[in-house]
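Hi everyone, thanks for making the time this morning. Let me put the structure up on the screen, and then I'll walk you through it.

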Amino acid sequence: MTTVSEIFQTMAYGPAPESDKQAREWLAKHGGEGGVGGGGEFGLFVGGSWVKPASGEWFDVINPATTQRIARVPQAGKADVDAAVAAARAAFPGWSGLPGHARARYLYALAREVQRHARLLAVLESMDNGKSIRETRDLDIPLVARHFYHHAGWAQLRESEFAGATPVGVVGQIIPWNFPLLMVAWKVAPALAAGNTVVLKPAEFTPLTALAFAEIVAEAGLPPGVLNVITGDGRTGALLVDQADVDKIAFTGSTEVGRVIRKATAGSGKKLSLELGGKSPFIVFDDADLDSVVEGVVDAIWFNQGQVCCAGSRLLVHEGVAERLVAKLRARMEKLRVGPPLDKAIDMGAIVAPVQLERIRGLVSKGVEEGATMWQPSWACPTEGYFYPPTLFTDVSPAATIAQVEIFGPVLVAMSFRTPKEAVELANNTPYGLAASVWTENINLALDVAPKIKAGVVWINCTNVFDAASGFGGYRESGFGREGGREGMWEYLKLQWDEGRGTGDGSKRSVAKGASRRTRPSSPVPLPPIDRTYKMFIGGKQARPDAPYPRAIVAPDGRRLAEVGEGNRKDVRNAVEAARAAEGWAHTTGHTRGQILYYIAENLATRTDEFTARIDAMTGCGLERARAEVDAAVSRLFTYASWADKYDGQVHPTTIRGVTLAMNEPIGVVGIAAPEDLPLLGFISLVAPAVAVGNTVVAIPSEIHPLAATELYSVLETSDVPAGVMNIVTGSKDELSKVLADHLDVDAMWYFGNQVAAAEVERASAGNMKRTWAEWHARDWLDPHQGEGREFLREATQVKNIWIPYGE
Ligand code: NAI
């Protein structure tokens, strides 16, 4: 008798297509007679209505599964971008002035509308992008609704939870094609919740759900101009980036374009967040449940045809189980189904466009050329449309192109490791740092490995899980800034006192005052010893500068006070090396770091008179003010000693059964160029928060008044600061800052000085996409609102979210 199991094995899939009728009707309504341009042409959504593009240009939107044209959308030009930004600007006072509760109601309405139109949106997304209806219906669209619900909550709570903060202004948002509507939600929801207005540019391959969303926004009754949607390719994106009246750019896409945008916005005062590419490791230890692992791999690399920035594209397997896992994977791949995206029984749909298909083919050929073993299932993909089969590479060397370059397709490269240490090394052997997933039944091992991986998200025994309550974003060349959660909201807010920011116009900010207080007469009290020659402070020791020509430091009345080293590239290199070698600082306890900061404060306090006299002699600010500065510096050290064991993370209530730990991690080696004003306090105000949370620093003190910092050498030497945690290089602040910003082993750069050099720092940072914090407007460092607090700690950390499901 035939068994059920035998029948099951021989059953074939019949077609199970989702109807595209409603989506076709919607397209016809917009592109046909009722359409703006007629003949299948959409308009731009500006100021609450559909308008024809001034550019007069349109381009085709293609269904990648059929290669048929399904719509035409405008290629927005300069006048169109300007009009959209003007509409957003006009809407800003009204929208930002609404009570949080009113914005919450609008966001709630958007979530409801998305749910109401879920079917249309899911089908449209599949037609436009080529991804399977199973994914758009069950993942993309539900996550979109969830994002708006979650952010309706942040709108409601903004005044209380983000007290002292205001929206940034007009935000330009540029998104990619891999999750077209989900990226709309990730960008638009926090921006609107915070009170900003938006100009959104969807990707040229996939503009349709963003246009449908514009219509939903109108239906939900949002005021005109709050959200504007302009279509076009990279040229339109570049115009939006350059538009002077835009206050912030939020971008998701390739690291290459992220770099271009970083350079283009340098020195403009525009706030920036970048979510870029990845080459994320998927680590399997020998005690992992291999059947779960196989399903995990399917989700990691064959979800969305592998066109996922956080795809688990590098399979790192413990040597002992590698062969077994590869065999299981091949068997599973043989059963995957590639075909028409609207078929409900399909696992993988089409690749978004011919250019992407070519890129995948090219990289796969390269893999074969370089000697790796390529395996694909025996079945063939449909020939009509842009399809590509799931692909597995074994015998891959860690340096191979396919192990290093983001393929952004259904291609998995497998490598093996012997020890957890080797697994971590392999995992971090990439310039990226977006995500990772770790598979083991040993929770100790998982929680040991997770913090060691340089990535913004670590999934334990799961992968590609997202939720609005948990921030998402990268380390290193995967960009900076987070989307989702509390930290995602901060990307769209600025502190109230910081009035100049957000104008997009640097000229509206005052320039740091530098030595402006030098005009006051200096005190007649005896000065500290004159004509000392200070070295650098590197690796815990006073180090002779590389160049033999010191720089003279003079008092406001022209008297020579001392000489300091003229730091150069070599000194910076040594300092960075020392800072890197001191990375163990990150693994000391908050308690220990706090104790050391208290000790510095104590040693500084005992020398208050000396520092007071020194500051007065240098700046001519008067003894009273100098003493106030020293007292404030001592207090600031106390502040960060206090914070060292208190800047804790969170446990997010996400939609998994388990916990999502949001951990504040140090960034690594931070370059700091201190302000000219208040030379001791400015210096301490930046260095203390950076080291409190576990970074090591290379600091450049005030160029005109470096002696407060050089005098600190001996304080640091007697305060148990481990060698290399704080390094000080004196000399030309702007030149040294540029060297630090260029340095590929520096992870973040803070610059406080003039606008021109700030721009240089931001531009140079694009090399390794290091995070920057560059300011040229004056802060009152004596005011605790401006000079200390959570803002500094946020800059000094990056959030890693570790997802830990539990239960049987
Ligand atoms: P892309 O980075 O060129 O495009 C992303 C968005 O940026 C699109 O809206 C595009 O129009 C816009 N854009 C392009 N040039 C611009 C410029 N100069 N200024 C402002 N905006 C600009 O990505 P593309 O070409 O679609 O894909 C290329 C590769 O990038 C992929 O193969 C993949 O490796 C990676 N990628 C990564 C994504 C991620 O989520 N991390 C998403 C999309 C692509």
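I'll start with confidence, then go through some strands, a sheet and a few salt bridges.

Please keep in mind that this is a predicted model. The protein chain has a mean pLDDT of 93, and 94% of its residues reach 70 or more. There are stretches to treat with care, though. Over residues 32-38 the pLDDT is below 50, and beyond near neighbours in sequence that stretch has 17 contacts in the model. Residues 501-525 also have pLDDT below 50, with 56 contacts beyond near neighbours in sequence. Where pLDDT is low, the predicted coordinates should not be read in detail.

Let's look at a single residue next. K201 lies in strand β7, which covers residues 197-201. Is K201 buried or exposed? With a relative accessible area of 3%, K201 falls under the 20% cut-off, so it counts as buried. Leaving aside residues up to four places away in sequence, K201 touches Q173, I174, I175, I230, G232, D233, T236, G237 and L240.

Now please turn to strand β32, residues 797-805. Of its 9 residues, 8 are buried, so the strand is largely enclosed by the rest of the structure. Which way do its partners run? Strand β17, residues 457-460, is parallel to β32 and joined to it by 3 bridges; there, V457 stands opposite N801. Strand β26, residues 658-666, is antiparallel to β32, with 9 bridges between them. In that pairing, V659 has I804 of β32 as its bridge partner.

Next comes an open sheet of 3 strands, in the order β20-β24-β23, with mixed pairing. At the edges are β20 (532-534) and β23 (551-554), each pairing on one side only. From one strand to the next, the twist averages 30°. Between β23 and β24 (residues 560-564) there are 4 bridges in the antiparallel sense, and V554 stands opposite R560 in β24. Helix α23, residues 707-717, packs on this sheet and touches β20, β23 and β24; its direction makes about 80° with that of β20.

And now the charged pairs. Side chains of opposite charge can pair when their charged atoms come close. How many salt bridges does the model have? The count comes to 51.

Take R134 and D347, whose side chains meet at 3.0 Å, N to O. R134 is in helix α6 (residues 133-161) and D347 is in the loop between α12 (319-335) and α13 (354-369), so this pair ties together parts that are 213 residues apart in sequence. R134 is partly exposed at 31% relative accessibility, while D347 is buried at 17%.

Another pair is E491 with K248, at 3.8 Å, N to O. E491 sits in the loop between α17 (485-490) and β19 (493-495), and K248 in strand β9 (residues 248-252), so here the parts tied together are 243 residues apart in sequence. Both E491 and K248 are buried.

Then there is R580 with E583, a salt bridge of 2.5 Å, N to O. R580 counts as buried at 18% relative accessibility, and E583 as partly exposed at 31%.

Finally, have a look at E41, D60, R69 and R72, which are linked in a network of salt bridges. That's my tour, and I'm happy to take questions.

Key
Residues numbered from 1 in each chain as written. Heavy atoms only, no water. Helix = DSSP H or I, 4+ residues; strand = E, 2+ residues; numbered from the N terminus. Buried < 20%, exposed > 50% of the residue type's maximum accessible area, 1.4 Å probe, protein only. Contact = heavy atoms within 4.5 Å. pLDDT = per-residue confidence, 0-100. Pairing = 2+ DSSP bridges. Salt bridge = Lys/Arg side-chain N within 4 Å of Asp/Glu carboxyl O. Axes fitted to C-alpha atoms, helices over the stretch in contact; angles between N-to-C directions.
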